[in-house]
Amino acid sequence: MTKRQSRMLAVAALVLGVGLAAAFGVTAFRKNMMYFQTPSDLVAGKSPVGAKVRLGGLVERGSVSRGEGLLVRFRLADCVKVIAVRYEGILPDLFREGQGIVATGALAADGQFVADEVLAKHDENYISPDLAASLKEQGGKHSCGEFKNTTATVTP
Amino acid sequence: MTPELGHFALILALVAALAQTLVPAWGLWRGNARAQAVAGSAAQAQFFLVAVSFAALTWAFVQKDFSVVYVADNSHSKLPLVYRISAVWGAHEGSLLLWGLMLTGWTLAVSLFNRRLPAELSATAMAVLGAVSSGFLLFMLLTSNPFERQFPVPLEGRDLNPLLQDPGLIIHPPMLYMGYVGFSVAFAYAIAALITGKLDAAWVRWTRPWTTAAWAFLSMGITLGSWWAYNELGWGGWWFWDPVENASFMPWLAGTALIHSLAVTEKRGLLKSWTVLLAILAFALSLLGTFLVRSGVLVSVHAFASDPARGVFILGFLTVVIGSALVLYAWRAPKLASEGELRLFSREGLLLLNNVFLVTACFGVLLGTLYPLVVDALGLGKISVGPPYFNSIFFPLIAPLFVLVAVGAVTPWKRGEFGPALRRLRAPALAALAAAVVLPSLALWLAPVTASFASKLTVAVATWLALFTLGSAGLEVWQRLVSRRRQGVALGPALRGIPLGSWGMTLAHLGLGFWMLGVAYVTGYGVERDVRLAPGARAELAGYQFIFDGVRESEGPNFTADSAGVRIERAGQPVAALAPEKRFYPSQGSVMTESGVDARLHRDLYVALGEPLDPQNPAGDWSLRLYYKPMIRFVWLGGVLMFLGGLLALSDRRYRLAARASEPLTANATRAV
């Protein structure tokens, strides 16, 4: 093999590697990118039924109820809208009413959000920056007090 | 008084770092050898001063001096001594101080051992190290002073984050930082090579062990981090593709590519400018990691504070260091001409291919880590990229590496031939094939779990790759041994005659094989189950019976706990008794899951305690998460073997022998890696 040929081979290998990576990357990205949404976004129908999203909000006071086995239902609020969430599994240590959490899952046909993962950070005062930013966008001064302290009656 | 002493020492250290940069730089410019020699003394002074500063902070923790803000924020009067000491690097300011201590430590070591190198090269490298150190010390003094006082003095500290109160966290950060910071040596010498335009045998022989050392520590640091996450986060995973994990993994990938390209540069005098670029890249990614973790752009247990000033400073520092390094590279790299030509089917060609895969994988991880940040910064929405992305991009890219390890082991430098290589690989390939059929079935027979056909196939393929690597990794050492024995050398001397570098490489490649084996089984055949259990009730998982004996309260030094009893039986025989806990730390008002693990080499049984399902009745039903994790220990065993392999390789005799600068690189091609 001449110098030129071997260099061409090396270049071909490089192109192949980068091309493969790009192909994997693009398909993997399409499948695995998740948008962050608020309860208002979901209620407004911004996310189609079945599309996987991360939903951030405050767990409404007095909304947590347990069902059969490990089923748990609660409502998530973002100071404007509220959405009902159901989840089957173990809640994280810092899951509490009145706290900000992030749930991963999808909207079901009945308008409820079905979570397959619930995350709460290890800090009692923690509020996800994503959530904090979206709360700010929606009016700024709202303290969300009604969701933190009372049992607001809002239909899912 | 002590904290002020520490603060003062830190300021003096900055002065020493500046002296270490500016005086030799002036000396290089004016050709003044005495000014160049100042670098060594400045480095020693700097290390001493940072060590004093570190000791002062440690003393403040030991003495529970809550007048120091950092101590009050991260300690507590009831915190055990060992955690008070590890709390020194438990948060932002102290971990930066540890970074500084490591950097000055590496610099000190360089200054002590570099006498055999050309004075100009060393002075340049020391000046670069001094500049990096100046930047970090300035950052610390301006934005993150660990010695800040507060009055009135609080009566009690706010305690160390309970997640960090774990033995794994005592040594994980120092190991990781040893690795991160260690790449600064390769970086400094790469810059020095670019400036002086000299990249010869002495340069490579000098840079290789330092890079290997940094890589070995980084491997161990990542392994410890994974082990900690498994034990402490309570959710049984060993890798989450969390941005913070990626921040440590990207320099590792680049560093792995670097140690392999250095081998090519040493043996064949090829890929010189590529090696220099990788050295810059590895350190750039280490700095990027520090930026990602410390600036607060990421939210995780590692991101302690989100002070925008810090983020801006590190980003600026990153831009200056990496930007100027790359500009210098673009300008000077054409001078680093390689000696000789490269054939694809030769050891160096395969190593180049290995580099292509590693660097591509590294960029895939980089893309997934940075993309959400970029999208957010551009105001295009908030997205997250999940583990499936990383898995689907990473594993296909590294699978060929396992074949490369095997083929590389039987391919000589300069020119390889397909026929003999294939003949020698036939035995390990067939043995691995047999094992790939037997092992997965054996695993399923031992612990019946339901797995899809796809995951069964994946496990079989991964088993083949892992065992093929394991089988062929030893081939080189084996062949050396056989040929020496044929020459009539006794077994003992024949074993000792194999250079430590070869043993190290073999061990690290074995580690790679074991790691793959662990990953395959824990991912393919591991099972988990969330259950609701009343006291006395049982649940079945992978052929094991988990019996819940209820929960009782217990007390620790700075926490109270709900401690559960879980007995595990198999076919009526007791296997283990675990006590997973739910701990409450009143000082921070936080709750922690302390998992119960029964570890064996071939499997872990892992129980995490959930919560009482009826809050009014803690003696009633509880939720529990049960895991069966086959061969997870192999994942960490792989990391430990890589660490040990690295240590062995850097102790190789040839790095301690004086290398003449004039010696052409190709003259050393007689010895293999």
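Two residues are in contact if their C-beta atoms, placed from the backbone, lie within 7 Å. The model is predicted, with local features needing pLDDT of at least 70 and side-chain atom pairs counting only at pLDDT 80 or more, whereas totals for chains, interfaces and linings use all residues. Residues are numbered from 1 along each chain as its sequence is written, and chains are lettered from A in the order in which they are written.

**Exercise 1.** Describe how domain 1 of chain B touches domain 3 of chain B.

*Solution.* Begin with the bounds, which come from an automatic or database domain assignment: domain 1 covers 1–160, domain 2 covers 198–416 and domain 3 covers 527–633 of chain B. Next, take the C-alpha centres of domain 1 and domain 3 of chain B, which are 43 Å apart. Then count the contacts: six residues of domain 1 of chain B meet five residues of domain 3 of chain B. On the domain 1 side, two of these residues are nonpolar, one is polar and three are charged, where Asp, Glu, Lys and Arg count as charged.

**Exercise 2.** Check the span of helix H12 of chain B, and locate its kink.

*Solution.* Helices are DSSP runs (H or I, at least four residues), numbered from the N terminus. Because the expected span is 1.5 Å times one less than the number of residues, the 31 residues of H12(B), 347–377, should span 45 Å, and the 44 Å between its end C-alpha atoms agrees with this. Along H12(B), a kink of about 35° is found at B:Leu370, shortly before B:Pro372, the bend being the angle between axes fitted to the seven residues ending there and the seven starting there.

Terms used: Helix = DSSP H or I, 4+ residues; strand = E, 2+ residues; numbered from the N terminus.
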